[in-house]
Amino acid sequence: MSRPRANRPPSDPRVFIISIISMALAGTVAHPPAAATGARLERAIVPTFESIRLVIDPSSPSYKGSVHVDLAGRDRTGAFAFHARDIAIERMTLKGKDGEIPVEHATKDDEVRVTTQHLLEPGAYTLDVDFSADFNTQAAGLYRLKVDDDWYTFTQFEATDARGAFPCWDEPEFKIPFRVTLVVPEAHLAIGNTPIESEKVSGGQKEVVFETTPPLPVYLVAIATGPLETIPIEGMSVPGRVVTVKGASGLAREAARVTPPLVASLEKYFGIPYPYHKLDLIAVPEFWPGAMENAGAIAFADRILLIDPRAASIEQKRTLVAVNAHELAHMWFGDLVTMKWWDDLWLNESFASWMGDKIADQVFPGYGLGIAQVDGMQTAMTTDARLSTRAMRQPIVDIENLDQLADELTYDKGQAVLTMFESWLGPETFRKGVVDYLKAHRWGSATASDLWASLSKAAGKDVGGPMATFLDQAGVPQVKAEMLPGGRLRLSQKRFLNDGVVAPKPARWQIPVILKYSDGKVARTRTLLLKDASLTVTLEGAGHVTFIHPNAGETGYYRSQVSPDMLTALADAAPKSLDARERIGTIGNLASLLNAGALRGDDDLRLLGRFAEDARPEIIDALIDHLEKIKKAFVVGDLQGPFAAYVQKTLSPALRRFGKARVEGEEEAVSVLRPDLLEWLALEGQDEAILDYADTLARSYVDDPASIDPTLAGVALRVSASRGDMALFKEYRRRFEKAKVPAERSRYLAALGSFRDKEVVEAGLAYSLDGPLRAQEVLSIPGRVAQVPEFRPVVWNWVTENFKTIVQRVPANYGVNLVRYAGGCSVDLLEPARAFFSAPGHDLPGIDAEITKVADEASDCARLRQREQPSVAAFLRGQPAIASADRRTTAGSDR
């Protein structure tokens, strides 16, 4: 499952949520998807094969089906259970070697318990079940949706929603072959995990039998039906297609183009051919996860997979490559070899993120996905600096809030830790261990310990011990580097926490540290394993150290601290002596020192300004990330004007270098940065020229979407909306409803959440529930509105007044995120939120943990504001003010 990275908060609530993402369940919905409870199924009777037959007409609200399951009895037992949720069982037959065995069954929660009059001996059995069920309507399990005048069905089973589609053993360790038969209307196309074995048409219906799958956990089974269209993917080792709803196949060419080289590079890295007999990429109009690694039938939100060739932005293409690479990596890591249980979900997802970015960076280096990984690491370390964080790997007993594990720790921290250990072991050693692991466990299940054993064998040293210190305890370490006389360096470690927070107990990590230092002439590196509380080493050639960077290559998952003088020297040396990853990491580390009380607010702003002239667009993007934190914590009331002056001073040099408009041949990283740069100078820098420029672009886009650089379309619409009126809101609403291209729909939806007129804001919130929004779109407008502090209470009131309607409309695992609208940089709404979610009908599974996270974040920000507001205010007010005439000076020429 994918969690696309975004540098700015996106319109999709799953991000920022993707960081986005604390997903749990909306418990007030009757039998919500993913609301699985209870212990794991018993192992006395286990499945070895399952045949599924479904009669599907998407235009009907329900369907019928049957399953045939081969069972293996391991121990004597008089009962066994399987999973089924909201399924009406019409007939059940159990057979053994001597024929039919009388059974009784009872359903409780998600489990059907089957009992026999006499004990079942070890041996072979079969179970046949006929059933009926309603299609899900919240984009989970087996669900239907209408696009224009046509109906379709799609599936999303991870983590525990297969049980809502048909009877099954819905746990990842039950990895068995499946044989799927679909009976659909004759004109419909049916898609499964494998190629079609046979088709038979009769009476206006078509029976489609698919080849038996290799062993799969049921959460990777996929189904899609309807008047679907396909285009071929040429140049792979297996047949491939992009699958779309009717009329959308013309948007699939870019996906078909980028997929073959990604597959080929993954085959080369793993030394194992693509494991399945075909590869379908399925574009789904309503798909909350972003993407899902169903074996041989990967599902994508259509806004990610489908790109209009006439108006494709660089960011769209970059996102397509990143998400596609992540899902394709899963075909080996997660599908070919699967986690035994959900406590290793982090390994599934973090490895796919690590591998996907690695391969995408090799095949499409212009998109800079390798450097972007540092941004994700900063996000994870920010979360890990709070006591409400968790260990990446922890026992999973009750899975009712399992989706809350799909967060920045599972994805970004895991990816960063793998990067750190690859750097420590060496890329080829690490690769050998990974390949040995895959070959040893192919078509089976494994645990993280199995991977560490393979890596340890390849490296000739213990990997599992150091790795466990990052997986099994919460938090992030801080490495402090202190120069001593005689070229000696003392390193010490402790748990990094924000100011005002005390660690509940001591923590110790085994940290692969790579140092970078210079004597002013030669830069050197030194690699070591920091296992104890402190370690003193002598640096080679370090008679006089001009700077030291404790995280060379920014491959280590740890915060760092040096003396104030060394920090200034490091910032001065950064442009020439640190690479792009290290400069991004240095900016992120400044924010951590500010949060920890180790850096004053005015010193932070002073050091941050030294990166304003950096020639790399990725550094400016990191600088904007930091400014976002400054804005959230400090910029209120009369500080908006002084902050605008600082923004213009800090970001205008980059706009002068890169220009307002794309030029032929410029690197993709510049094109990716430009929308953020323009948006910040327009909205936070209060630059009238940029505001007018955005208005002009927006009008041109409305008249003809192909008339402007598509990379600027979204920012133009959002900026124009920020000072737009009700008439403009209605125009953008009309355009949103008419949009046929997914990207165009997403752009207008984001714009609808960007208005700042109070009357229009209230109209946007009402439209979120009254308008024709898909399930995953309902929280898009509120999510953007809530980013404006003055409107956060308005959004919170909207949540409390419409709670029941909201949780019935959104995907069930979005509900727990509603508490985030009570957060921000103030604790004022926290107690009302606690009271609201403790009331009858509002108590969602996982809500206590989510409230704790939100409270930690808000309290940290409030303490930071109280502590550093005076120094920040004094610094900002000491900047030259922006005269009205000067507010139009930063735009310059188009180049």
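Author: In this predicted model, the buried residues of α9 are G464, P466, M467, T469, F470 and L471. Because 6 of the 8 residues of this helix, which spans residues 464–471, are buried, α9 is largely enclosed by the rest of the structure.

Strand β23 belongs to an open sheet of 4 strands, ordered β27-β24-β23-β29 and mixed in its pairing. At its edges lie β27 (534–538) and β29 (559–561), each of which pairs on one side only, and from one strand to the next the twist averages 25°. Within this sheet, β24 (residues 488–495) pairs with β27 in the antiparallel sense over 5 bridges, and L491 has L535 in β27 as its bridge partner. Helix α11 (residues 580–596) lies across β23 and β29, and runs at about 75° to β29.

Helix α4, in turn, packs with α1 (residues 253–270): their axes come within 10 Å and cross at roughly 115°, so α1 and α4 are roughly perpendicular to each other. The crossing of these two helices is right-handed. On the α1 side, the contact involves P261, L262, S265, L266, Y269 and F270, which meet F351, W354, M355, K358, I359, A360 and V363 of α4. Sorted by class, this contact of α1 with α4 comprises 11 nonpolar, 1 polar and 1 charged residues.

Key: Residues are numbered from 1 along each chain as its sequence is written. This is a predicted model: local features need pLDDT of at least 70, side-chain atom pairs count only at pLDDT 80 or more; totals for chains, interfaces and linings use all residues. Side-chain values use heavy atoms; hydrogens and water are left out. Buried means under 20% relative accessible area, exposed over 50%, partly exposed in between (1.4 Å probe, protein chains only). Two strands pair if DSSP finds at least two bridges between them. Axes are lines fitted to C-alpha atoms, for helices over the stretch in contact, and angles run from 0 to 180 degrees between N-to-C directions. Contact means heavy atoms within 4.5 Å. Angles under 35 degrees count as roughly parallel, over 145 as roughly antiparallel, 65 to 115 as roughly perpendicular and the rest as oblique. A crossing is left-handed if the near helix is turned anticlockwise from the far one by less than a right angle, and right-handed if clockwise. Ala, Val, Leu, Ile, Met, Phe, Trp, Tyr, Cys and Pro count as nonpolar, Asp, Glu, Lys and Arg as charged, and the others, Gly among them, as polar.
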